[in-house]
Amino acid sequence: MLLLLSLFVGTLAGCGVWLLLRARTFDTVLGLTLLSYAVNLFIFSMGRIKVAADPIVQKGVLSTLATTADPLPQALVLTAIVISFAMTAVLLGIALRSYQQTGSDHVDGAREDTP
Amino acid sequence: MNHWLIAPVVLPLFAGALLVLLEKARSRATAGVSLGSTLALLWVAAQLLLQAQTGDVQVYLVGNWQAPWGVALALDRLAALMVLLTALVGLAALVYALGGDDRKGMHFHALLQFQLMGLNGAFLTADLFNLFVFFEVLLAASYGLLLHGASAERLKASVHYVAFNLTGSALFLVAVSLLYALTGTLNMADLAVKLPQLGAENSRLGHAAILLLVVVFAVKAALLPLYFWLPATYAAASAPVAALFAIMTKVGIYAIARVNTLFVTGSGASVAGLLPTALPWLALATLVLAAIGALAAHRLRVLVAYLVVASAGTLLLAIGLGTPATLAAGLFYLVNSTLVACLWFLLADRIAWSRGGDDHLVARRLQHGWGLFGALFMFASVAMAGVPPLAGFIGKALLLQAAGSSAKAAWIVALLLASSLITMVALARAGSVLFWKPAPPAVIHMASPRPAHYAALAGLSVLVLATTVFAGQIQGYVQATAQQMTARQPYIRAVLGAHPVAPAYDVRLEMRERGDLKP
């Protein structure tokens with residue numbers, strides 16, 4: 001489980017960074033999206049990995065990290081997802097506007113002669 | 001519990017929400033509401049400064065939960081000073097924008113209020129994740145403001161700025177969640193207690209988390225490898241927005257100062273690692289490169305943007321050295337440099353306007369206000385370069401005096417003075433080209449000047465003069481601030497010791513008595 005999750009986070013972050021470094025705005029937006037997925041999974045796993053446990057205090061059970069899942073990272077992830085979603089939408093809007101105005105989706109707004 | 005602490009966040013929030021509607025309806029009250037809200041914010045900030053001056057750290061528990069569990073706001077001397085500076089810069093930018101810039105696009109006033117809300121929240125919060133949220137609020141507003149009255153150059157700068165800051169936010173989340181995994185808390189006071197208690201097996205992770213945090217803040221503060229976005233962005237933004245952004249780099253500097261004093265220096269923690277040695281050197285390198293950038297600039301606004309980077313370098317040097325004396329000198333310089341940078345961006349816009357909208361450093365005749373703008377240029381140059389008699393000089397002198405006893409004293413004195421000299425040369429060269437070089441007359445059609453423009457310039461000039469005249473009082477305040485920061489304990493004790501208010505009306509008890517709630 002731990003290995004699988006680490007591999008997922010690593011692969012997503014790696015792909016995200018690679019796409020982010022490309023010169024097209026579309027690739028950059030995709031890269032940022034993948035990077036934020038990686039970060040969200042990372043935050044989630046920072047509350048310790050726990051399968052089939054509720055993040056709720058139950059009657060008669062001493063609530064420690066051994067018996068319950070940590071609810072705080074779940075709340076943090078929710079906030080982070082909303083924020084990164086909204087910000088990606090903003091970036092897409094700006095990229096689209098830039099494409100319409102310059103006729104190119106190069107991040108510098110350059111013409112098509114640059115790779 | 002003192003409810004005034006939440007006012008700097010709530011007031012711009014409601015004003016901004018109202019302004020969205022008013023601007024949509026093209027109401028005439030828009031400017032009045034915006035100005036009224038910002039003036040009220042200035043009054044609140046002044047009251048908070050008076051309260052913080054007593055030396056008590058005041059804490060506001062949002063949602064009435066005890067400190068490490070709920071989000072807390074904390075008002076110490078540093079936070080109060082930053083909130084007051086934000087209000088002053090916001091007011092100056094707003095007054096200038098009322099001269100016509102606010103009508104070049106939609107929702108300028110609402111975005112400005114949301115920006116002020118994010119800034120105030122970031123300065124007041126004592127919770128690391130809440131700091132992230134307020135960073136996002138102020139960044140989201142800044143994206144909108146940067147695009148205000150969009151031109152092609154502005155769009156290009158915006159794509160870079162947004163992508164860069166989104167990557168920064170991702171790193172911020174990684175750092176915050178690492179710290180949470182290590183200590184189980186996000187409260188800054190609680191972190192300051194728990195980080196030094198980390199076991200040896202976790203100290204490297206803690207070290208990495210702190211460095212990641214500093215990298216994220218350095219993106220905002222414009223430290224050496226991460227400042228390349230700043231000149232392009234600040235030069236592309238419209239004048240009042242660039243003036244408002246003068247406080248944006250200070251958010252990063254504030255956050256580095258907070259993290260450095262709470263988590264790294266005074267704590268004797270094993271997580272300190274690389275930071276205390278690396279930060280002063282990077283700051284010095286930033287300072288030198290920014291001075292060279294200012295010398296190489298072809299446009300006045302790019303030159304001013306490099307001066308902002310140079311002042312950030314000076315401030316980070318003061319923070320990186322980390323003694324109470326250098327911190328006090330840095331904070332003194334921060335007050336002055338923020339106001340001067342704000343004045344500079346507005347003045348550069350007026351000079352460009354007088355030349356027909358062009359601020360390239362080539363000979364061109366000024367159509368309007370040669371004497372006035374020339375005198376202001378001289379005044380602002382003296383204030384920025386740190387030459388006597390204005391307060392910029394006092395700030396640099398205090399820093400040199402405080403750094404004189406540190407191990408790197410020779411390098412610091414030499415590079416700080418050399419960068420001041422280069423800055424002065426750059427400004428003198430720009431001034432002589434702009435005002436003295438003869439140019440053929442040209443007929444330019446330009447918008448008529450507005451009283452709002454001159455009001456903003458005059459107000460900021462008076463403020464810069466005031467920081468010089470009242471330098472003694474300000475120095476007393478920043479010295480007390482530096483002592484409060486390095487002592488750490490007042491902040492930690494106040495935040496962790498704050499008690500929730502006992503509920504006047506217990507809903508659960510009521511329900512139990514009525515039998516709605518099973519015991």
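**Core**

I looked up the largest nonpolar core, which has 228 residues, and those with the most contacts inside it are B:A74 and B:A243. A nonpolar core here is a set of buried Ala, Val, Leu, Ile, Met, Phe, Trp, Tyr and Cys residues joined through C-beta atoms within 7 Å. I take a residue as buried if 20 or more other C-beta atoms lie within 10 Å of its own, as exposed if 12 or fewer do, and as partly exposed in between, with C-beta atoms placed from the backbone. Helix α14 of chain B (residues 324-354) gives the largest share of this core, 20 residues.

I note that this is a predicted model, in which local features need pLDDT of at least 70 and side-chain atom pairs count only at pLDDT 80 or more, while totals for chains, interfaces and linings use all residues. Residues are numbered from 1 along each chain as its sequence is written, and chains are lettered from A and ligands numbered from 1 in the order in which they are written.

**Around B:A74**

I listed the contacts of B:A74 (C-beta atoms, placed from the backbone, within 7 Å), leaving aside neighbours within four places in sequence, and found B:V57, B:V59, B:A79, B:L124, B:A126, B:Y491, B:A494 and B:V495. B:V59 also stands opposite B:A74, which belongs to β2(B). Helices and strands are DSSP runs numbered from the N terminus, with H or I over at least four residues for helices and E over at least two for strands. β1 (residues 58-61) and β2 (residues 72-75) of chain B run antiparallel and are joined by four bridges, where pairing asks for at least two DSSP bridges.

I checked B:A97, which lies in helix α3 (residues 77-97) of chain B, and it counts as buried because it has 29 C-beta neighbours inside 10 Å. Apart from neighbours within four places in sequence, B:A97 is in contact with B:D102, B:F108 and B:P240. B:A97 and B:H453 are 356 residues apart in sequence, yet 7.7 Å apart in space, C-alpha to C-alpha.

In helix α11 of chain B (residues 248-264), 17 of 17 residues are buried. From first C-alpha to last, α11(B) reaches 23 Å, close to the 24 Å expected at 1.5 Å a residue, the expected span being 1.5 Å times one less than the number of residues.

Chain B has 21 helices and two strands. Its radius of gyration is 23 Å, close to the 24 Å that the globule rule gives for 519 residues, so chain B is as compact as a globular protein of that length. The radius is taken over C-alpha atoms, and the rule is 2.2 Å times the number of residues to the power 0.38. Of the 519 residues of chain B, 58% count as buried.

Chain A has three helices and zero strands. Its radius of gyration is 19 Å, whereas a compact globule of 115 residues would have one near 13 Å. The C-alpha trace of chain A spans about 70 × 25 × 15 Å along its principal axes, and 28% of its 115 residues count as buried.

**Contact between the chains**

I found 23 residues of chain B in contact with 27 residues of chain A. On the chain B side, α6(B) gives the largest share, 17 residues.

Methods. Contact = placed C-beta atoms within 7 Å.
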